[in-house]
Amino acid sequence: MKDSLLTVVRSLIFVAFALVLCALVFQFAGYNAPTMLWAVADGAFLRSGAIEQSLRWALPLFITAVGVGISFRAGFFNIGAQGQFYVGAICAAFAAEAFKGGPAFLVIPALIIAGMLGGALWALWPGLLRLRSGTDEVITTLMGNFMAGLLLVYVTSGPLKDPSGSGQQASSRPLDAAYRISDSLGLSPTIIGIAVAVGILMWLLVNRTAFGVLASLAGRNGTMVEWQGARLWKLGLSSFVISGALAGLAGTIEFMGPNGRIASGFLPAHGFTAILIALVANLNVVGTAAAAVFFGGLASAALYLPIMAGLPAAAIDIINAAIALFITARSKLVDKVLRLGGRPS
Amino acid sequence: MSNPPKPALECRDVTVKFGDVTALSDVAVSFAPGQIHAVVGQNGAGKTTFARVAAGLVQPTAGAVDVMGEEIRTGHVSQSRAAGVELVHQSFALPPSFTVAETMEFGATGKGGIYSRRGLAEKWRTHLAGLDVQVDLNRRIRDLPIETQQGIEIARALVMDARVLILDEPTAVLSPSGIDMLFARVRRLKQRGVTVILILHKIREVLGIADTVTVLRGGRKVEGPLPIAEVSAERLANLIVGDAIAKTLDRHERDALVGTKSPVGEGAGHPENATGPSVLSMTAVSTRPDSEGIALDGIDLDIRPGEIVGIAGVEGNGQKTLVRAISALADLASGSIRLAGQDVTGAPLAARRAIGLRIIPFERNVEGLSLTSSLWQNWSARELLQGSLLKVIRPSAVREACDRSLREWSVHYHNSMQKAGSLSGGNAQKVILAREVDSDARLIIAAQPTRGLDIGATAFVWQALRQARDRGAAILLISSDLDELFDISDRVVVMLSGRVNGEFRAPFDIASVGAAMTDAAARTSA
Ligand SMILES: Nc1ncnc2c1ncn2[C@@H]1O[C@H](COP(=O)(O)OP(=O)(O)OP(=O)(O)O)[C@@H](O)[C@H]1O
Ligand SMILES: [Mg+2]
């Protein structure tokens, strides 16, 4: 347990480094760094209503990130959360057309299931390709993101096109209010309930089932698990499919909740932020929740930056990218500092 | 001994602690230059830690290290290197896709840059030839036998004009002929004035090669360096395990362990136990050729309950494929395999394990354990796979069961959450045994089960295998150590080129077994 604490501390140090680095960059670019940092903190958590706004972003991110963590743990680098998120939303939108007029207590679960199946499907084929012919899943899932993005453009300007749309961005017809699971603020008991349920179920799956232990062993040493008689494809493919289903669920929530429709190219950074969250949390479910709140805060601050600090909202992308850089670099230096006087390895 | 030369390597009261574990405590030892020194001790005695301190890989908690009379800054590889100390690791790993020349260039100098293949080969040819490593410099590491890889690893360590070369359990990965080759190499280094420190487990090897021997036990130095002429095999065994334990070993076991008697084992010979229907029955099994080793060619093999069958053979004659075939990890071209009366020819490993197949695999660190996972996860994998994947577990209960089992097997570890990679080699092997040798085991494949184990642990493994045999399990023992095979096998089968090339019953005759190992014409049956 001391180890997982250590990882969290380490991640926080990375994040702090990244923020300082960004502040310096902006300072040199002629902005006022302290004001910027203050604007981020204020926009994310301090201002009244900021916490709700941060949670609105955090919950879908958390759901996707938990899934990413599960596939990474099993040694499958599913980079395709973004595509699975889109396909999930698209499937839910089609289901909404199909079930139009049905009673809400049936249609809402049906849409959610459709969205999860869509996401799962979009993870299934790269998983099968990897297991059948060893195709690198990083490449296939990355390609899958672009394919899903184009599919989204197609359905929003074709089959699901909203004829009364203003034309700026192609989008689908709005979902009937009866089937919405939140208003446009995006925080409702249903969404919180779904996120909590996902968190608990996935925590149990990872920490309290044979599957969790074996998938983690398989992720670290597949050969050993094979010598124990495990079918790697069972562990790997199910991890892959779960991660896709969760990304699809997040897409469905965005569709049925705050957005109420799907638009071409909506939330283009969702999947990548989720990957970042999973990595910051070191694939740990509880850590993912904490990291999701943090990144949700950054997302909500993004809307606030232009007003407060005169910065473009894209500044948040730079902060995210800087964090990604530090996390993936996994600096030896920080390790050394943390082990101060500790065990050499 | 007036005015003795400065010691090549001297440790002054070195203490190393890893958290709560004291790996070395107040070790003071000095090694004379130009000699071959053996360092021995039980698993976890601190041998590897000592080597890593000398090489600058571990910063001691207290104490100092001198090389050639000069104190070096501890805990810095570059400092140890500059002083001329090089270490070849217990489980060394060369980059498999590199050619020999590339390995030498980048492994030794650590520098990148533009190079031509021919230029590199030219550059390193003389160096390797000088160390008697015969190899085509353009071949890839993965295509080379382990003996040659080790030769390259040693050559790499000697690029920087090493004056002290430490080899950590170099014989553990070698076949008997490989060991002879290694020792010849070590003697030549000695002639060139290099001080060689060998970490070894086998007393016969110590007596055969070393000028002095130093014994560690529980992180402390027990004796040494003692001139080899002053120690007998008997005394050395006592020093290693401690007198108390030494007394509990019986005469017969002792001889096999000490390995000084020439191996004409009478064998354990319990053929009267082995009468039931075969537990394993392979009929005309051939495998499809694959990249992992030579294919099996019409293997017939039967093992009855209560029988230990040893597989002898020069390494690379199909022993690994045999294990993979029984474990459903190699494709059969023809033939059939029955396990406890059931035809499992097409059955997956999980089904075979459910019948009672247990495997102690060749590659402990790859096939046996996930080094970066915790001990309890490693230990529980077999049981977890027998139930449904969604079975709910309580990790605390699993950890308790794991603790109980590991204690029973007297594994030295700190707690079950620690990573398997932090155990000493011998203790890691015991974790695998604790997992694989259970009361439901019906056929236990033990591939080199005592490799890298100290003599106490080796006796322990033999005991465990015998007990499993006496419970009625069938055991397939694969070993390159003939002492071991002859001592505990009821029957020895020799493999050559993927075929069975002779079968022997106790008392074993080393000459005819040896002939069957190397010569296809000597197809005899005693
Ligand atoms: N990195 C580490 N972290 C924690 N404990 C360690 C570490 N390295 C070694 N130890 C512990 O220190 C002790 C000495 O280990 P060491 O590897 O030196 O033994 P050894 O004599 O080489 O054993 P073997 O014959 O099995 O290779 C053991 O108890 C081991 O578990
Ligand atoms: Mg060791």
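How many residues of chain A are in contact with how many residues of chain B? Color the two chains separately and look where they meet: 26 residues of chain A touch 41 residues of chain B. Keep in mind as you go that this is a predicted model.

**Stop 1: the interface**

Show both chains as surfaces. About 2700 Å² is buried between chain A and chain B, and carbon and sulfur atoms give 67% of that area.

**Stop 2: the chain A side**

Hide chain B for a moment and select α7 (189-208), α8 (210-220), α9 (222-227) and α10 (232-259) of chain A; each of these supplies at least two residues of the side that touches chain B. Zoom in on α8(A), which gives the most to this side, with seven residues. If you color the chain A side by residue class, you will find 13 nonpolar, eight polar and five charged residues.

**Stop 3: a helix pair in chain B**

Bring chain B back and select residues 375-384, helix α14, together with residues 425-436, helix α16. Their axes come within 8 Å and cross at roughly 35 degrees, and the crossing is right-handed. Show side chains for L375(B), N378(B), W379(B) and R382(B) on α14(B), then for V431(B), A434(B), R435(B) and E436(B) on α16(B): these residues make the contact. By class they divide into four nonpolar, one polar and three charged.

**Stop 4: a salt bridge in chain B**

Which side chain does E71(B) meet in a salt bridge? Select R12(B) as well, and you can follow the pair at 3.2 Å, N to O. E71(B) sits in strand β5 (residues 70-72) and R12(B) in strand β1 (residues 9-18), so to speak distant parts of the chain, 59 residues apart. Over all chains, the count comes to 23 salt bridges.

Technical notes: Residues are numbered from 1 along each chain as its sequence is written. Chains are lettered from A and ligands numbered from 1 in the order in which they are written. This is a predicted model: local features need pLDDT of at least 70, side-chain atom pairs count only at pLDDT 80 or more; totals for chains, interfaces and linings use all residues. Side-chain values use heavy atoms; hydrogens and water are left out. Contact means heavy atoms within 4.5 Å. Buried area is the accessible area (1.4 Å probe) that two parts lose on being put together, summed over both. Helices (H or I, at least four residues) and strands (E, at least two) are DSSP runs, numbered from the N terminus. Ala, Val, Leu, Ile, Met, Phe, Trp, Tyr, Cys and Pro count as nonpolar, Asp, Glu, Lys and Arg as charged, and the others, Gly among them, as polar. Axes are lines fitted to C-alpha atoms, for helices over the stretch in contact, and angles run from 0 to 180 degrees between N-to-C directions. A crossing is left-handed if the near helix is turned anticlockwise from the far one by less than a right angle, and right-handed if clockwise. A salt bridge is a side-chain nitrogen of Lys or Arg within 4 Å of a carboxyl oxygen of Asp or Glu.
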